[in-house]
Amino acid sequence: MFAFIIRRLLALPVVLFAVSLVIVGLLQLLSPTQRASAFVTSPQQARNLDAVIEARGLDQPFPVQYWSWLTAVAEGNLGYSRTASMPVMEAIGRFLPATAELTLFSIIPVIGFGIWLGTQAALRRNTIVDQISRVIAIIGWSLPTFVFGIWILSWLYGGYGWFGIGRISNELQVAIAEGSIVQYTRFMTLDAILNGRWDMFVDALMHLVLPVVTLSAVVTAQIMRVMRGSLLEALSQDYVRTARAKGLEQRAINLKHARRNALIPVLTLSGLLIATLLNGTVVVETIFNYRGLGLWFATAAVQLDIPAVVGYGLVVAVIIVVVNLLVDIGYAVVDPRIRYD
């Protein structure tokens, strides 16, 4: 297993190289002037784009341009983001924790509630529990994320003032800006605990409720449907009938043996849905003014902030590779027959 993990981690640079090659290659569809505007950090540079083009080699052949870009990236320079008014690496460090916090809190109901509801639906097939769960799955799967997000924002926050938008209340934002609250990790909930500010912890959780519910609604429905179908198939296998014939307790058969085998397709889908969550944050963060990678990327794409778009693409590529690795490890944990040695 250890050797497998090392091999997959060594493949990460190859994946990043391929992704960067595609992204930088697509940028060649823009004119040198348009690409030069991505490196402008001052009004003086904006008035003399020809100098930027020459300095960056944007009029050179693609291999020369790519090598120049790759050399800068190796030095930790992904360019300057105009929309964030800071270097791209610094912007990623600032916005990534917000999106990671939102995604992590969304995964908990997605996997936990999705697996539980799918299990209950399969074990109580064709009962009222199964019918209700299928209705929930159909509604969740059919409702677009942006429609559900706007509706829940208008209803709960606009109508009753419940929860909130953004990452935290204005009063606590002022306290952070003044330095009375230290941002150790930029995870609002974790920083609140480290600062001993339980009021901030509760406030951060309240601001997470609406985006988490919106982000996880559709994905939970998918997990539930797959879990139900997979468990029904597992319950019809010969080893389940044999276990029943031997007098094994029904609860042990359902939850220990059948459900464990049924989790394999769910793990596969969960890995794919992590990417869905990341893409969903673009919409959700925009709706709830949640300042994370998604909102930054949406703003950067609209304003043609090329370094920010490239940086976002690389970050997503790294996350997807790591998530796929975790899914493969999960296979071996769930099913001892799977080995990578």
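Reader: Which residues make the nonpolar surface patch of about 750 Å²?

Author: The nonpolar surface patch of about 750 Å² is made by Trp151, Trp155, Tyr160, Trp162, Phe163, Val202 and Met206. In general, patches are made of residues with over 30% relative accessible area and no salt bridge, where like charges are joined within 9 Å and nonpolar side chains (Val, Leu, Ile, Met, Phe, Trp, Tyr) within 5 Å. Accessible areas come from the Shrake-Rupley method with a 1.4 Å probe, and for residues only the protein chains shown count as cover. This is a predicted model, in which local features need pLDDT of at least 70 and side-chain atom pairs count only at pLDDT 80 or more, while totals for chains, interfaces and linings use all residues. Residues are numbered from 1 along each chain as its sequence is written, and side-chain values use heavy atoms, with hydrogens and water left out.

Reader: Which helix gives the largest share of the nonpolar patch?

Author: Helices (H or I, at least four residues) and strands (E, at least two) are DSSP runs, numbered from the N terminus. Here α9 gives the largest share, 3 residues, and Tyr160 has its place in that helix. Both α9 (145-160) and α12 (198-235) supply at least two residues of the patch.

Reader: How should I read helix α6, and which of its residues are buried?

Author: The expected span of a helix is 1.5 Å times one less than its number of residues. For the 13 residues of α6 (residues 62-74) this gives 18 Å, which agrees with the 18 Å between its end C-alpha atoms. Buried means under 20% relative accessible area, exposed over 50%, and partly exposed in between (1.4 Å probe, protein chains only). By that reading Gln65, Tyr66, Trp69 and Ala72 are buried in α6. They cover an arc of only 125 degrees around the axis, which puts them on the same side of α6, the arc being that of the directions from the helix axis to the C-beta atoms. Pro63, Trp67 and Ala74 are exposed on the other side of α6, and the helix is followed by Gly76, whose phi is positive, near 85 degrees.

Reader: How many salt bridges does a search of the whole structure find?

Author: A salt bridge is a side-chain nitrogen of Lys or Arg within 4 Å of a carboxyl oxygen of Asp or Glu, and the search of the whole structure finds 5. In one of them the side chains of Arg167 and Glu101 meet at 2.8 Å, N to O. Arg167 lies in the loop between α9 and α10 (170-178) and Glu101 in helix α7 (residues 88-123), so this pair ties together parts that are 66 residues apart in sequence. Arg167 counts as buried at 11% relative accessibility, and Glu101 is buried with a relative accessible area of 2%.

Reader: Which parts of the chain does the pair of Arg228 and Asp130 tie together?

Author: The side chains of Arg228 and Asp130 meet in a salt bridge of 2.8 Å, N to O. Because Arg228 lies in helix α12 and Asp130 in helix α8 (residues 128-142), the pair ties together parts that are 98 residues apart in sequence. Arg228 counts as buried at 15% relative accessibility, and Asp130 is buried with a relative accessible area of 0%.

Reader: Where do Arg241 and Asp238 lie?

Author: Arg241 forms a salt bridge with Asp238, the closest N and O atoms being 2.3 Å apart. They are 3 residues apart in helix α13 (residues 238-245), and are therefore separated by about one helical turn. Salt bridges that share partners also join Asp130, Arg134 and Arg228 into one network.
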